[in-house]
Amino acid sequence: MATPTSRTSFTIGTRKSKLALEQTELVRSELKKAYPDYDFQIFSKETAGDLNTTIALKDFTSKNLWTEELEELMIAGQVDFIVHSLKDVPTLLPDTCTLGPMMPREDNRDVLVVKQGLSFKSLEEIPAGSVVGTSSIRRTAQLARKYPHLKVQDIRGNIGTRLAKLDADDSPYTCIVIAAAGLLRLDLEDRITQYLDSKNGGMLYAVGQGALGIEIRKNDSQLQEMLNGIGHQETTYACLAERNLLRTLEGGCSAPLGVESEWIQGSDGSKKLRMRSVVVSVDGQQAAQVELDGDVNSPESAEAFGVTVANALVADGAGAILEEIQRKKLIKDNVSS
Ligand SMILES: NCc1[nH]cc(CCC(=O)O)c1CC(=O)O
């Protein structure tokens with residue numbers, strides 16, 4: 001549908017979870033600062049992903065669990081844009097939708113959270129046979145590879161629910177692995193036991209983790225322009241590269257793919273995007289991993305770098321790992337990342 005070019009009032013679509021509302025408020029307040037005369041309303045809705053907390057995420061067959069219903073509202077004109085956790089946004093969007101520039105990223109790492117009352121300080125200290133809670137195939141595979149003596153068990157629900165399940169007296173879990181960004185945005189930093197990355201604990205994070213995805217109608221040039229005013233180029237380029245890496249690899253299924261992007265000063269003085277990436281078989285037995293530096297200075301070069309990293313992973317054996325997973329149908333669509 002045609003979008004008028006000079007609206008002063010906007011409706012933001014979001015999920016209803018505490019984290020989703022907090023993230024939407026972040027975007028709203030940045031836009032309000034940049035456009036004080038404009039009005040931004042929030043419309044929140046529970047999605048299929050929120051409502052079904054019993055089925056393991058990997059058994060869902062619907063593709064766009066967290067995003068589809070909000071996209072339908074946006075296409076119909078009932079909301080003007082949607083604020084998502086970028087991590088939950090599929091790499092392929094409906095034809096008429098696109099992502100705007102991204103705001104500065106929150107901490108992109110996974111963290112270890114230990115059950116209340118236990119004093120373990122790191123994944124290394126967790127005793128053999130202990131149960132780690134996660135529903136993410138990426139975390140499961142990396143844990144199986146690095147910590148084969150630990151057991152992994154599904155844990156579902158939003159962040160508050162997961163913490164409550166962890167801390168319950170009769171809980172089977174010793175700890176959970178969860179995104180730092182969610183805890184930080186909800187002022188739950190005190191629950192973080194250990195930050196995990198390539199050097200600590202050996203865990204890489206999910207594509208887009210810690211970033212917000214602002215989805216708009218493709219033909220909405222006014223909003224595109226407005227979002228340019230609050231976007232952060234380094235975040236946008238890193239996330240475009242990560243998402244194109246995933247898009248190139250996945251071929252219709254979500255991959256047990258971990259990434260770690262950082263901007264470094266190249267020897268020639270220019271900034272480069274360094275990306276580490278790993279694809280691990282679900283049992284942790286096989287892994288393909290690469291580290292590459294890319295000249296990334298435009299959306300196009302960011303996306304091209306994503307393809308370069310994907311090709312390097314395939315050359316290191318990622319293709320065989322992903323085919324095996326698809327053959328066994330261990331993954332359907334849109335598992336939690
Ligand atoms: N998969 C669910 C999800 N989507 C976004 C976040 C946290 C915030 C973020 O990563 O941006 C989480 C929780 C988690 O994975 O622990």
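These legends accompany close-up views of a predicted model of a protein chain with a ligand.

**View 1**
The model is predicted. The protein chain averages a pLDDT of 91, and 90% of the residues score at least 70. For the complex, the predictor gives an ipTM of 0.93 and a pTM of 0.92. Where pLDDT is low, the predicted coordinates should not be read in detail. Domain 1 takes in residues 9-102 + 211-231. Domain 2 covers 110-196, and domain 3 covers 240-328. The centres of domain 1 and domain 3, taken over C-alpha atoms, are separated by 25 Å.

**View 1. A parallel pair in β1 and β2.**
Strand β1 is formed by residues 9-15, and strand β2 by residues 39-45. The two pair in the parallel sense over seven bridges. How does the chain cross from β1 to β2? It passes through helix α1, residues 18-34. This β-α-β crossover is right-handed. Within the pair, Thr14 stands opposite Ser44 in β2.

**View 2. The shell around the ligand.**
How many residues surround the ligand? The shell has 11 residues. The closest are Ser85, Ile178, Ala179, Ala181 and Gly182. Two elements, β8 (175-179) and α6 (180-185), each supply at least two residues of the shell. By type, the shell divides into three nonpolar, six polar and two charged residues. Why does the ligand lie between domain 1 and domain 2? Both domains give residues to the shell around the ligand, so it lies between them.

**View 3. The five-stranded sheet.**
Five strands form an open sheet with mixed pairing. Their order is β7-β6-β8-β5-β9. The edge strands are β7 (151-153) and β9 (194-196), and each of them pairs on one side only. From one strand to the next, the twist averages 30 degrees. β8 of this sheet also supplies at least two residues of the shell around the ligand.

Strand β5 runs through residues 110-114. β5 and β9 pair in the antiparallel sense over three bridges. Val111 stands opposite Tyr195 in β9.

Strand β12 comprises residues 271-280. β11 and β12 pair in the antiparallel sense over nine bridges. Two bridges can be picked out by residue. Gln265 has Lys271 in β12 as its bridge partner. Glu260 has Arg276 in β12. The two strands form a hairpin with five residues between them. In the turn, Gly269 has a positive phi of about 90 degrees.

**View 4. The hairpin of β12 and β13.**
β12 also pairs with β13, in the antiparallel sense and over eight bridges. Val279 stands opposite Ala288 in β13. How many residues lie between the strands of this hairpin? There are six residues between them. Gly284 in this hairpin takes a positive phi near 80 degrees.

Methods: Residues are numbered from 1 along each chain as its sequence is written. This is a predicted model: local features need pLDDT of at least 70, side-chain atom pairs count only at pLDDT 80 or more; totals for chains, interfaces and linings use all residues. pLDDT is the predictor's confidence in each residue, from 0 to 100. Two strands pair if DSSP finds at least two bridges between them. Helices (H or I, at least four residues) and strands (E, at least two) are DSSP runs, numbered from the N terminus. A crossover is right-handed if, with the strands pointing away from the viewer, the path from the first strand over the helix to the second runs clockwise. Domain bounds come from an automatic or database domain assignment. A residue is near a molecule or strand if its C-beta atom, placed from the backbone, lies within 6 Å of it. Ala, Val, Leu, Ile, Met, Phe, Trp, Tyr, Cys and Pro count as nonpolar, Asp, Glu, Lys and Arg as charged, and the others, Gly among them, as polar. Axes are lines fitted to C-alpha atoms, for helices over the stretch in contact, and angles run from 0 to 180 degrees between N-to-C directions.
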